[in-house]
Amino acid sequence: MNEIKPFYCNPKHPNFNRRAYHHDYTRAAKYLITFLKKESTPILSQIEGFPPFSSYESAYSKLSPIGNVVPYAISDWIRAYPQIYVPTYAVMPDHIHLCVNVTYKLPNGLSRAIGRLKGFISSKYHLSLPEGIRPEEMQTLFEKGFNDRIAYNQEQWERQIHYTVDNPRRHMLKKCYPDYMLRKWLLTVGNEQYVARGNVFLLKQPHLFSVKYSRKYSEKESVEWLDTCKSLMHNGGISVSPFIHPMEKAIRDYAYQEGFGLIRVCTNGFAERESASGNEFELMAQGRLLLIAPMEHNTRKETLTYDRAHSLNRLAASIVDTFSRNVSGLIRPL
């Protein structure tokens, strides 16, 4: 009997440039493409803006001499590939995001097309240099390979477009609030160690409570449980949970909407270039979120089992118990 493979064949080690082995990269599809400049290549842009960065218009990319050639290279690239449409892109200091809509068959595939785009950018920059300082041979400006995220439906495609447009603002938030957005913390809970990202001082709040819903609750008990959780938040409590059950997610969403802080226990560790996304990105920038995760990042997507869910809820309860007792020496920067 032939073994049935999963959609994604995950490598043993994280790989920013990994491909989806099941996908035909010559067919029509929509992607968020990211590729990185070489370390030796000067910056592509500087990100500037206007605090408090409440909308995507509040930050923008100020293009460097290299970045200035990118729009012209993309225009040439689209002319060379009439089956490709680019609704938006972002030139960041060390990488480029590109939303790519392949409308019909790419004979030589996406990798060849992205390679030509990199070549167009490198060539245009090379030719823009004065003859006196222009190297005899053109130097490629970018690292090998690229990262692609396939949009499988319209909602994912719209999120990718929004992510790309919003990237300069996200960059400024990370720059202005590094302790919340970038710093990692080492937490000791009992005999185990975990990594945390976000506002670690939420653990120092006087009222932490775990959010765990029981499927055995009656309708009346469910209403009472929901009211109790909301009451605790209105009285300064910080909810701690993996937020797995729909009722637990309802508490998480209530905290989002009402301006409360929360601590989420994650099922997996943080990848090298991973950052919070969506509502959690905004919460982290506002100092309202702490993520607590295992030390190791697993590249394989695992099914969340009943036992694993219980383990995460036990960890949430242990976090509440440990930090409510104000034990010192349990938090330190990584």
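In which sense, left-handed or right-handed, does α4 pass α8? Let's find out in the viewer. This is a predicted model, where local features need pLDDT of at least 70, side-chain atom pairs count only at pLDDT 80 or more, and totals for chains, interfaces and linings use all residues. Residues are numbered from 1 along each chain as its sequence is written, and side-chain values use heavy atoms, with hydrogens and water left out.

**Stop 1: two helices**

Select residues 167–176 for helix α4 and residues 278–285 for helix α8. Helices (H or I, at least four residues) and strands (E, at least two) are DSSP runs, numbered from the N terminus. The crossing of α4 past α8 is left-handed, a term for a near helix turned anticlockwise from the far one by less than a right angle. Their packing angle is about 35°, and the axes lie 10 Å apart. Axes here are lines fitted to C-alpha atoms, for helices over the stretch in contact, and angles run from 0 to 180 degrees between N-to-C directions.

Now show the side chains at the contact (heavy atoms within 4.5 Å). From α4 come Arg169, Arg170, Leu173 and Lys174, and from α8 come Phe281, Glu282 and Ala285.

Stay on α8 and pick Glu280, Phe281, Leu283, Met284 and Ala285, which are buried. Buried means under 20% relative accessible area, exposed over 50%, and partly exposed in between (1.4 Å probe, protein chains only). Just after α8, click on Gly287, which has a positive phi of about 75°.

**Stop 2: the open sheet**

Next, colour the open sheet of 7 strands, ordered β10-β11-β12-β13-β9-β8-β14 with mixed pairing. Two strands pair if DSSP finds at least two bridges between them. At the edges are β10 (208–210) and β14 (331–333), each with a single partner strand, so one side of each has no neighbour in the sheet. On average, neighbouring strands are turned by 25° against each other, direction ignored.

Zoom in on β8 (residues 184–189), which pairs with β14 in the antiparallel sense over 3 bridges. Look for Leu187 opposite Ile331 in β14.

**Stop 3: an enclosed strand**

Select residues 147–151, strand β7: 4 of its 5 residues are buried, so the strand is largely enclosed by the rest of the structure. Thr34 faces Asn147 of β7.

**Stop 4: cysteines**

Finish with Cys229, buried at a relative accessible area of 3%, and Cys266, also buried, at 7%.
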